Amino acid sequence: MEPPARPQSADGTRRRARDLGIVIGRGAPGLFNAITDVPGVRVGHTTVRRPPGVHSGVTAVVPDAVGPRTPLPAGVFTGNGYGKLIGTTQLTELGTLETPVLLTSTLSAFRVADALVGWMLERPGCDEVQSLNPVVGECNDGFLSDIRARPVHEEHVRAALDGAAGGPVAEGCVGAGTGTVALGFKAGIGTASRTLDLAGRRFTAGVLVQANFGGTLRVLGRTVTPSHRGPRAVTPMVGRRSRRPAPA
């Protein structure tokens with residue numbers, strides 16, 4: 001288990017798209033241009049690496065005070081029904097969220113959900129809770145990681161939840177985005193925010209993405225493919241097992 005990667009400042013070596021002049025939409029971003037600009041929302045990551053085979057992790061989006069006694073309004077839109085989103089039925093039926101939202105690798109989603117339930121039952125006010133709806137999303141990181149190893153365990157989930165914080169959010173190859181790929185490039189976690197005024201009040205909308213999909217990347221109207229950058233070919237991890245030490 002690795003500590004969360006620290007996001008670098010705009011004048012550091014790893015700049016964000018907006019720092020490079022790639023501006024999406026017309027709205028103004030919040031202070032950190034991250035989901036944590038929404039009041040009361042924190043984010044935590046745990047990255048799990050065991051080279052050469054395992055590159056995975058878990059990411060937690062933690063709204064303050066969320067719980068079965070204090071649910072938050074929520075909804076679900078399915079753009080790809082192939083996902084294994086845990087907890088979607090109650091979200092759709094009741095329109096409420098009872099737990100933080102966790103993201104991880106496909107075959108680790110069920111262990112993560114169980115760990116989230118255990119963590120929630122220990123929260124103040126949950127002493128007598130007998131029903132709980134954990135919400136866990138996932139992406140298949142099997143191209144770059146040994147997904148069959150199911151490497152994300154309870155201690156990783158708890159570390160992400162307990163370490164969730166406001167402010168800048170680590171992006172890229174971290175947490176649930178450690179092994180993901182999008183548009184032919186290495187992808188990962190991304191986040192952004194926009195502020196808007198409605199009826200004389202200022203609101204902030206935030207988003208966090210675990211990017212893992214196909215297609216063609218276009219930047220400011222220009223198509224960009226891996227061949228433009230000349231990366232070396234990679235061998236997918238599908239069907240490979242990571243090496244584990246023999247039991248003592």
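Strands are DSSP runs of class E with at least two residues and helices are runs of H or I with at least four residues, both numbered from the N terminus. By this rule, Leu-198 belongs to strand E9, residues 189–198. The model is predicted, so local features need pLDDT of at least 70 and side-chain atom pairs count only at pLDDT 80 or more, while totals for chains, interfaces and linings use all residues. Residues are numbered from 1 along each chain as its sequence is written, and side-chain values use heavy atoms, with hydrogens and water left out.

**Surface patch**

Leu-198 has a relative accessible area of 45% and is therefore partly exposed; buried means under 20%, exposed over 50%, and partly exposed in between (1.4 Å probe, protein chains only). Together with Leu-196 and Phe-203, Leu-198 makes a nonpolar surface patch of about 240 Å². Such a patch joins nonpolar side chains (Val, Leu, Ile, Met, Phe, Trp, Tyr) within 5 Å, from residues with over 30% relative accessible area and no salt bridge. Accessible areas come from the Shrake-Rupley method with a 1.4 Å probe.

**Salt bridges**

The structure holds 6 salt bridges, each a side-chain nitrogen of Lys or Arg within 4 Å of a carboxyl oxygen of Asp or Glu. Three of them are listed here.

| Pair | N to O distance |
|---|---|
| Arg-16 and Glu-171 | 2.7 Å |
| Arg-123 and Glu-122 | 3.9 Å |
| Glu-154 and Arg-158 | 3.0 Å |

The salt bridge between Arg-16 and Glu-171 links distant parts of the chain, 155 residues apart: Arg-16 is in the segment before strand E1 (41–50), and Glu-171 is in the loop between helix H3 (154–162) and strand E7 (181–182). Arg-16 is partly exposed at 25% relative accessibility, as is Glu-171 at 21%.

Glu-154 and Arg-158 lie 4 residues apart in helix H3, about one turn. Arg-158 counts as buried because its relative accessibility is 18%. Salt bridges with shared partners join Glu-122, Arg-123, Glu-154 and Arg-158 into one network.

**Second largest pocket**

A pocket is an open set of points on a 1 Å grid where a 1.4 Å probe fits, with protein on both sides within 12 Å along at least five of seven lines; lining residues have an atom within 4 Å of a point. The second largest pocket holds about 1,300 Å³ of space, the volume filled by probe spheres set on the points. Its lining comprises 41 residues, with Phe-77, Leu-85, Val-101, Leu-103 and Gly-137 nearest the centre. Strand E10 supplies the largest share of this lining, 5 residues. By class, the lining has 24 nonpolar, 14 polar and 3 charged residues, with Gly counted as polar and Asp, Glu, Lys and Arg as charged.

Terms used: Patches are made of residues with over 30% relative accessible area and no salt bridge: like charges are joined within 9 Å, nonpolar side chains (Val, Leu, Ile, Met, Phe, Trp, Tyr) within 5 Å.
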